[in-house]
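Let's take a friendly walk through this model together. Keep the sequence and the 3D view at hand as you read.

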Amino acid sequence: MNLTDRLYESARDIWEGYHQHPFVTGIGDGTLPPEKFRFFMVQDYLYLYEYSRLFALGVVKAKDHDLMRTFSEMTDSTLNGEMKTHQNYMARLNISRQDIASAKMSLVNSSYTNYMLSIGYSGDVLDILVAVLSCAWSYEKIGNRLARVYPQSTDHPLYGEWVRSYISEDYRRIVRENIDLVNAYGKDISPERYAHLEDIFIRCSRYEGQFWEMSWNMEL
């Protein structure tokens, strides 16, 4: 198996838990209370700012121009692509810029993003790519599962745009690029190096699960 297949297998049980979580299934069947989704969108918006900083660290750590450009494009696609979906929801959920500016980041959110940034500062480009992979890849898988199990979810008046954004061709391309980079830079690594990367991937995967739980409970 290539590196990303091995990483996925190491966290398969954690990822399967995402699909069973009431927050995720609530998006699928349309029963998620809007106030929980509103809480999630604010926290996710704050998360994406820190996520973008991690890509920016990739620009700093990259040794060749092509990879620098790739990390720069990832930063741009997060700040000016994925966050556009959030901005659309901000208007629909009556979330103002002041609400975002004054919002408190949850304990889970700050712990997760601080962990990723610590990897970015202390590690190399492969560490960074693995740290961001669990978020990007798991959202694609969640979107695809929702669209398959709950076909009506893509047309839901509130949650449909969210589902569609994570099954779009543009998003799939971004995820595939991340996967391909991890496999390219992680080819023929030592068992010790793999163990380190697996630890990063599992920790970030666990944080993803905690993010869904935090959002469901609306817990700061």
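## A histidine between two helices

His21 is found in the loop that runs between helix H2 (12-20) and helix H3 (22-29). Helices here are DSSP runs of H or I with at least four residues, strands are runs of E with at least two, and both are numbered from the N terminus. Is His21 buried or exposed? His21 counts as buried because its relative accessibility is 10%; buried means under 20% relative accessible area, exposed means over 50%, and partly exposed lies in between (1.4 Å probe, protein chains only).

A polar atom of the His21 side chain lies 3.0 Å from the backbone nitrogen of Phe23. Setting aside neighbours within four places in sequence, His21 is in contact with Trp212, Glu213 and Trp216, where contact means heavy atoms within 4.5 Å.

## How to read the values

This is a predicted model, in which local features need pLDDT of at least 70 and side-chain atom pairs count only at pLDDT 80 or more, while totals for chains, interfaces and linings use all residues. Residues are numbered from 1 along each chain as its sequence is written, and side-chain values use heavy atoms, with hydrogens and water left out.

## Aromatic pairs

How many aromatic pairs does the structure hold? There are 26 aromatic pairs. Rings of Phe, Tyr and Trp (its six-membered ring) pair if their centres lie within 6.5 Å; planes under 30 degrees apart count as stacked, over 60 as edge-to-face, and the rest as tilted. One of these pairs is Tyr47 with Tyr112, which is tilted, with 5.2 Å centre to centre and 40 degrees between the planes. This pair links distant parts of the chain, since Tyr47 sits in helix H4 (residues 34-61) and Tyr112 in helix H7 (residues 107-122), 65 residues apart. Both tyrosines, Tyr47 and Tyr112, are buried.

Trp162 and Trp212 form an edge-to-face pair, at 6.3 Å centre to centre and with 75 degrees between the planes. Here too the pair links distant parts of the chain: Trp162 belongs to helix H9 (residues 160-167) and Trp212 to helix H11 (residues 191-217), 50 residues apart. Trp162 counts as buried because its relative accessibility is 0%, and Trp212 is buried with a relative accessible area of 1%.

## Charges over rings

Arg6 lies over the face of Tyr194, 3.8 Å from the ring centre. The charged end of Lys36 sits over the ring of Trp216, at 4.6 Å from its centre. A charge sits over a ring if NZ of Lys or CZ of Arg is within 6 Å of the ring centre and within 35 degrees of the ring normal.

## An enclosed helix and the core

Why is H9 described as largely enclosed by the rest of the structure? Because 7 of its 8 residues are buried. The buried residues of H9 are Gly160, Glu161, Trp162, Val163, Ser165, Tyr166 and Ile167.

The largest nonpolar core has 71 residues, and those touching the most other members are Ile27, Phe37, Phe40, Tyr51, Phe71, Trp162 and Trp212. Helix H8 (residues 125-149) supplies the largest share of this core, 14 residues. A nonpolar core is a set of buried Ala, Val, Leu, Ile, Met, Phe, Trp, Tyr and Cys residues joined through side-chain atoms within 4.5 Å. Apart from neighbours within four places in sequence, Ile27 is in contact with Leu32, Phe37, Leu146, Ser153, Tyr159, Trp162 and Val163.

## Cysteines

A search of the whole structure finds 0 disulfides, a disulfide being a pair of cysteine sulfur atoms within 2.5 Å. Cys135 is in no disulfide, and the nearest cysteine sulfur, that of Cys204, is 9.1 Å away, too far for a bond. Cys135 is buried, with a relative accessible area of 5%, and Cys204 counts as buried at 0% relative accessibility.

## Two loop residues with positive phi

Asn94 has a positive phi of about 60 degrees although it is not a glycine. Asn94 is placed in the loop between helix H5 (65-92) and helix H6 (97-102), and is exposed, with a relative accessible area of 62%.

Asp188, not a glycine either, has a positive phi of about 60 degrees. Asp188 is found in the loop between helix H10 (169-185) and H11, and its relative accessible area of 72% makes it exposed.

Technical notes. Polar contact = N/O pair within 3.5 Å; in protein donor to acceptor, adjacent residues only side chain to side chain.
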